[in-house]
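This report covers the strand pairing and the ligand surroundings of the structure shown below.

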Amino acid sequence: MGPDVDGGAARDVVSINDLPDGLVVAGADQRVVQVNRRAVSLLLLDPDTAVGSHLSAVVRLDDLGGRTWYDCLRPYDGLSTRSGLVEGSWYRSDGRELLVTARLVREGRGRPVTTVSVSIRTVGTRVRLDRDRSDLVATVAHELRSPLTAVKGFTATLLSKWDRFSDQQRRLMLETVHADADRLARLITELLDTARIDAGRLTLRAAPLDVAEIVDRVVGSAKMAGGRRMRVLPHESLPVVWGDADKLSQVVTNLIDNAQRHGKGRIDVAVGAEAAADGSPGVFLLVDDEGDGVPDEMRDRAFTRFWRSGVRDGSGLGLYIVRGLVEAHAGEVTILDSASGGARVRVWVPVAEPAVLTD
Ligand SMILES: Nc1ncnc2c1ncn2[C@@H]1O[C@H](COP(=O)(O)OP(=O)(O)O)[C@@H](O)[C@H]1O
Ligand SMILES: [Mg+2]
């Protein structure tokens with residue numbers, strides 16, 4: 001016999017299984033006492049073990065930074081006047097977004113929580129699109145504001161207190177302003193690329209090119225800019241690829257930049273010829289580092305707009321753009337493990353001039 005997924009008391013009125021939303025109820029000991037069928041399917045639960053499990057093991061959802069719902073919201077701790085948790089977006093391990101809210105029941109004001117009832121629903125497409133759009137505007141505004149705040153702060157200080165600073169201090173402030181202005185310019189370029197990719201309006205100037213040459217050039221200039229130990233591994237000469245040299249340089253630049261900022265140790269870049277599963281010839285590129293790599297469950301998310309973790313000084317748009325550019329070449333990009341356990345990012349592009357390319 002399975003557990004009482006149905007729950008007892010509510011059956012007279014309406015079965016909790018008839019509710020449109022998922023429902024999980026946990027008692028004072030933080031153990032789950034009831035789940036309905038919708039929750040079982042939305043949270044991918046094993047109905048035989050969900051009841052009796054700890055609430056944190058049943059509501060296994062993360063935010064985009066990989067923090068769990070339970071650890072973020074601590075339903076049993078926190079303000080003793082808190083009576084509910086506002087609805088928020090949480091993600092299943094497969095990336096599916098769910099809206100989660102909860103009521104916290106207490107025996108009296110300021111008393112410990114005795115019951116947590118969690119409600120889970122899916123996000124309607126329409127709502128999601130609208131929200132994505134306004135989220136995007138908010139995110140973009142926020143990203144642009146932080147460097148601008150620094151620019152504004154330093155220029156204001158310099159203008160009002162010019163005489164109080166030494167030449168060296170003024171220079172230091174101007175250098176900061178200069179770096180922030182660069183960051184803003186970079187961000188705007190990335191946002192424009194992102195918008196083009198989103199709208200499917202990326203135009204490639206395709207010409208026959210040598211991927212190894214592009215790699216050598218990018219690695220050379222990264223080294224010149226004082227980059228960490230990096231090398232291009234020896235390789236055979238590559239077949240000519242039809243592609244956009246600027247866009248492919250941008251791909252390599254982004255991956256090396258990531259390996260430098262998010263990885264550690266030496267950076268190895270490898271190129272070679274390799275056919276796809278269907279036999280179509282192509283060229284691959286591997287960028288390996290010796291850092292911590294990207295955890296398995298984050299690999300899909302790393303390609304979403306604005307997603308970033310760890311060192312957060314970037315925009316989180318890099319890999320999104322990389323994928324957009326690679327896919328415009330009818331290629332593909334994946335995150336794997338390097339031999340040292342660091343990140344390996346693999347890009348593959350076909351040799352033949354794909355139909356999607358325009359000149
Ligand atoms: N070589 C790498 N090693 C470890 N983590 C990485 C690596 N490359 C990317 N990541 C992870 O993927 C996230 C997204 O990368 P990206 O889209 O380029 O954004 P950004 O570099 O601006 O943070 C990074 O914030 C980082 O957490
Ligand atoms: Mg990046």
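Two strands pair if DSSP finds at least two bridges between them. Helices (H or I, at least four residues) and strands (E, at least two) are DSSP runs, numbered from the N terminus. The model is predicted: local features need pLDDT of at least 70, side-chain atom pairs count only at pLDDT 80 or more, and totals for chains, interfaces and linings use all residues. Residues are numbered from 1 along each chain as its sequence is written, and chains are lettered from A and ligands numbered from 1 in the order in which they are written.

Strand β1 (residues 22–26) runs antiparallel to β5 (residues 113–122), joined by 5 bridges; here Gly-22 stands opposite Ile-120. Both belong to an open sheet of 5 strands in the order β2-β1-β5-β4-β3, with antiparallel pairing. Because β2 (32–35) and β3 (84–91) each have a single partner strand, they stand at the edges with one side left without a neighbour in the sheet.

## Strands β10 to β12

Strand β12 (residues 343–350) is antiparallel to β10 (residues 282–288) over 7 bridges, with Val-349 as the bridge partner of Val-283. β12 also pairs with β11 (residues 332–337) in the antiparallel sense, through 6 bridges, and Trp-348 is the partner of Glu-332. The hairpin of β11 and β12 has 5 residues between the strands, and Gly-341 takes a positive phi near 90° there.

## Around ligand 1

Of the 21 residues around ligand 1, Asn-258, Arg-308, Gly-314, Gly-318 and Leu-319 come nearest. A residue counts as near if its C-beta atom, placed from the backbone, lies within 6 Å. Helices α8 (245–262) and α9 (318–328) each supply at least two residues of this shell.
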